[in-house]
Amino acid sequence: MNNQVFLALPSKGRLFQSSLELLVSSGLVSYFSNDRSYQASSRLKELTIVFNRAADIPNMVENGVVDLGITGRDLVKESDVDVEEILPLNYGYAKLVLAAPSSRFNNLKDLLEIGSFKVATEFPNITGRFLKSLNADAEIISVEGTSETMPNLGLSDCVVSIMSTGTTLLVHGLKVLSVIMDSQAVLIGNKNSLRNPEKQPVIGSIVSIIQATQLAQGKKLLMMNVPDKFLKDVINCLPSMSGPTISKVESEEPMWEVITVVDADKVFEVVYNVKNKGAKDILVLNIDKVII
């Protein structure tokens, strides 16, 4: 039975640490020696986790070298591969932007008006499609590594670059003239693997575990005892995913146990409100996973 599933993670860069942390917190990674290792141990015996360059992962997934991969959406689009995006992962947020020296250009119109110009980028395919949509007369210069130095060296008029905070562009005196696309980390899958009846159950379990871990991030479990006479008031000020769980407490005073899930950044507000409405014995607990 060929149900072994291979999952590729970025080996370095802006997506490495967050991707590893997601799989560790989900329980899928049980051991990772160091960032020079090309493999991690998994608690799921049908799962093999390998590491590779984020830019290479889309092609690895398309060609079936691995069944699943975590990489940036920008890299998937640049690779122009036929893979399925299974999940956005809510980290590694960035924008692919066209930027140029602020001393020369105020906006995209200024750039287009100079006629023919040169663009330095690590994303020649996306850049080519974008410039074609503008009917721009431009020469694309493909570079590996940083492109932000090119305008200052007189080697290009502008760049198309990935921007997380904008600090690098600012340091090099570059101004964003246009946002080409938004990006974040995504889980992608090989289309044949996703249809493979032997691998489907394993892939389904992996996706479910990651989804459950994502849902649990930033949430807390709130438990409290509420006297019967205050129950309605307490429930009315509770946020919840589907409705609070309520069960009778065996006590001399008529009492109910109320359990709900709240966003972590709302915990103080909710606890303050329910306490003022009559709740007591309030517990706030961490959540490992939320499975719907």
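How many of the 6 residues of β4 are buried? The count is 5 of the 6, so β4 is largely enclosed by the rest of the structure. Here, buried means under 20% relative accessible area, exposed means over 50%, and partly exposed lies in between, with a 1.4 Å probe and protein chains only.

A word on the ground rules. This is a predicted model, in which local features need pLDDT of at least 70 and side-chain atom pairs count only at pLDDT 80 or more, while totals for chains, interfaces and linings use all residues. Residues are numbered from 1 along each chain as its sequence is written, and side-chain values use heavy atoms, leaving out hydrogens and water.

**The chain as a whole**

The chain holds 10 helices and 16 strands; helices (H or I, at least four residues) and strands (E, at least two) are DSSP runs numbered from the N terminus. Its radius of gyration is 25 Å, well over the 19 Å that the globule rule gives for 292 residues, so the chain is more spread out than a compact globule. That radius is taken over C-alpha atoms, and the rule is 2.2 Å times the number of residues to the power 0.38. The C-alpha trace spans about 85 × 55 × 35 Å along its principal axes. Of the 292 residues, 44% are buried.

**Strand pairing**

Two strands pair if DSSP finds at least two bridges between them.

| Strands | Sense | Bridges |
|---|---|---|
| β1 and β4 | parallel | 6 bridges |
| β3 (39–42) and β4 | antiparallel | 2 bridges |
| β13 (219–227) and β15 (255–263) | antiparallel | 9 bridges |
| β13 and β16 (280–286) | antiparallel | 5 bridges |

Back at β4, I49 is the bridge partner of L7, and A40 also stands opposite I49. A hairpin of 4 residues joins β3 to β4.

**Cores**

A nonpolar core is a set of buried Ala, Val, Leu, Ile, Met, Phe, Trp, Tyr and Cys residues joined through side-chain atoms within 4.5 Å. The largest has 27 residues, and L23, L89 and L187 have the most contacts inside it. Elements giving two or more residues to this core are β1 (5–10), α1 (16–26), β4 (47–52), β5 (68–72), β12 (185–189) and α8 (200–216). The largest share, 5 residues, comes from α8. A second, separate core has 18 residues, including L75, L108, F123 and M181.

**Helix α8 and Q214**

With 17 residues, α8 reaches 24 Å from its first C-alpha to its last, close to the 24 Å expected at 1.5 Å a residue; that expected span is 1.5 Å times one less than the number of residues. Among its buried residues are V202, I206, I210 and Q214. After the helix comes G218, whose phi is positive, near 80°.

Why does Q214 count as buried? Because its relative accessibility is 14%. The side chain of Q214 reaches the backbone oxygen of P88 at 3.2 Å, and a polar atom of that side chain lies 3.2 Å from the backbone oxygen of L89. Leaving out residues up to four places away in sequence, Q214 touches L22, L87, P88, L89 and N90, where contact means heavy atoms within 4.5 Å. Leaving aside neighbours within four places, L89 is in contact with residues including L22, I70, L187, I210 and Q214.

Methods:
A polar contact is a pair of N or O atoms within 3.5 Å; within protein, one must be able to donate a hydrogen and the other to accept it, and residues adjacent in sequence count only if both atoms are side-chain atoms.
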